[in-house]
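Please keep the sequence and the structure at hand while reading.

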Amino acid sequence: MALKKFKPTTSSQRFKLVSALDDITATSPEKSLLQPRKSSGGRNNTGKMTIRSIGGGHKQKYRIIDFKRDKEDIPATVKTIEYDPNRTARIALLYYADGEKRYIVAPNGLKVGQEVMAGKGAQPEIGNALYLSEIPFGTVIHNIELRPGQGAKMARSAGSSAQLMSRDGKFAVIKLPSGETRMILQSCKATIGMVSNTEHNLEVSGKAGRSRWLGRRPRTRAVVMNPVDHPMGGGEGRASGGHPRSRKGLPAKGYKTRYPKKASNKYIIERRKK
């Protein structure tokens, strides 16, 4: 995975840093695993704008990803590594021994032709999905389930990974990408390795147009608005805007919005790092 730098022939090319896509082995997706994906433009069912700064962008089709890895004890061969417009990570197309095809989130280091498996008999190798009860301590994992059979919910984006620290009773202790340490049932599954496209966070779009291609419209800063439009608006000249808060007056940057009596609090051993 490498980044591509450009000659500064224009001002937008000067700082542009994008993925070289040298890890991708196929340009067209598997048709049987595609779904239509409608763009909302930030509007609800009545046509009213409910989310700002969304709209336009290139037309995309959704790739159906196997987050459950419930096809156990059947070996699969990695056919291609592909680009997915719906996520930051790469995806891998698997051909199972019984003829079925599925997409998975590609871990870093997964190669075409490699064999992967899921279930109790699988080895703790890159791309294999195992139960937390069978993964060795200290192993780097991703695509972690929160409830057995639910499908992966945590550590799914590019370059993210968690670590299995220990086991306590029926729970496994996991250190998450945020720095949070929490308990998860050992009957949940996780995939071995780190998610691919590790340098995604270093990419620089270079120009506003690239944001428009991704469906992001310009976002007006709060401090330049009028007092009627935002709590941080108004004032003479370039006023700083006072305490940072949302459009509805909720404080931002440090204000805790998590419900203090949330049921999952008892599973969190250590909070995320600020």
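Thr 50 is found in the loop that runs between strands β3 (34–36) and β4 (61–63), and this placement, like everything below, refers to a predicted model. Across the protein chain there are 2 helices and 17 strands, and the C-alpha trace spans about 70 × 50 × 40 Å along its principal axes.

**Thr 50 and its surroundings**

- When residues up to four places away in sequence are not counted, Thr 50 touches Gly 42, Arg 43 and Asn 44.
- Thr 50 and Lys 262 lie 212 residues apart along the chain, and their C-alpha atoms are separated by 27 Å.

- The protein chain has 274 residues, of which 35% count as buried.
- Among contacts in the protein chain with a separation of 6 or more, 56% are accounted for by residues 24 or more positions apart.
- The protein chain exposes about 16,800 Å², and carbon and sulfur atoms supply 51% of that area.

**The largest nonpolar core**

- The largest nonpolar core has 17 residues, and those with the most contacts inside it are Leu 132, Ile 135, Ile 141, Ile 144, Ile 174 and Ile 184.
- Strands β13 (162–168), β14 (171–175) and β16 (189–192) are the elements that give two or more residues to this core.

**Thr 181 in strand β15**

- Thr 181 has its place in strand β15, which covers residues 181–185.
- With a relative accessible area of 10%, Thr 181 is buried, because the cut-off for that class is under 20%.
- Leaving aside neighbours within four places in sequence, Thr 181 is in contact with Val 173, Ile 174 and Lys 175, and also with Tyr 267, Ile 268, Ile 269 and Glu 270.

**Salt bridges**

- The count of salt bridges comes to 9, and one of them joins the side chains of Lys 71 and Asp 98, with an N to O distance of 2.7 Å.
- Lys 71 lies in the loop between β4 and β5 (76–82), whereas Asp 98 lies in the loop between β6 (91–96) and β7 (101–105), so this pair ties together parts that are 27 residues apart in sequence.
- Lys 71 counts as buried at 11% relative accessibility, whereas Asp 98, at 46%, counts as partly exposed.
- Arg 102 forms a salt bridge with Glu 100, in which the closest N and O atoms are 2.9 Å apart; Arg 102 counts as buried at 17% relative accessibility, while Glu 100 is partly exposed, with a relative accessible area of 30%.
- Salt bridges that share partners join Asp 66, Asp 70, Lys 71, Asp 98, Glu 100 and Arg 102 into one network.
- The side chains of Asp 84 and Arg 87 also meet in a salt bridge, at 2.7 Å from N to O, and here Asp 84 counts as buried at 0% relative accessibility, as does Arg 87, which has a relative accessible area of 18%.

**Backbone angles to check**

- Most residues other than glycine have a negative phi, which gives the background for the next two entries.
- Asn 143 is not a glycine, yet has a positive phi of about 50°; Asn 143 lies in the loop between β10 (140–142) and β11 (144–145) and is buried, with a relative accessible area of 8%.
- Lys 253, although not a glycine, has a positive phi of about 55°, and the place of Lys 253 is in the loop between α2 (208–213) and β17 (268–270).
- At 78% relative accessibility Lys 253 counts as exposed, whereas Asn 143 is buried.

Definitions and conventions:
Residues are numbered from 1 along each chain as its sequence is written. This is a predicted model: local features need pLDDT of at least 70, side-chain atom pairs count only at pLDDT 80 or more; totals for chains, interfaces and linings use all residues. Side-chain values use heavy atoms; hydrogens and water are left out. Helices (H or I, at least four residues) and strands (E, at least two) are DSSP runs, numbered from the N terminus. Contact means heavy atoms within 4.5 Å. A nonpolar core is a set of buried Ala, Val, Leu, Ile, Met, Phe, Trp, Tyr and Cys residues joined through side-chain atoms within 4.5 Å. Buried means under 20% relative accessible area, exposed over 50%, partly exposed in between (1.4 Å probe, protein chains only). A salt bridge is a side-chain nitrogen of Lys or Arg within 4 Å of a carboxyl oxygen of Asp or Glu. Accessible areas come from the Shrake-Rupley method with a 1.4 Å probe; for residues, only the protein chains shown count as cover.
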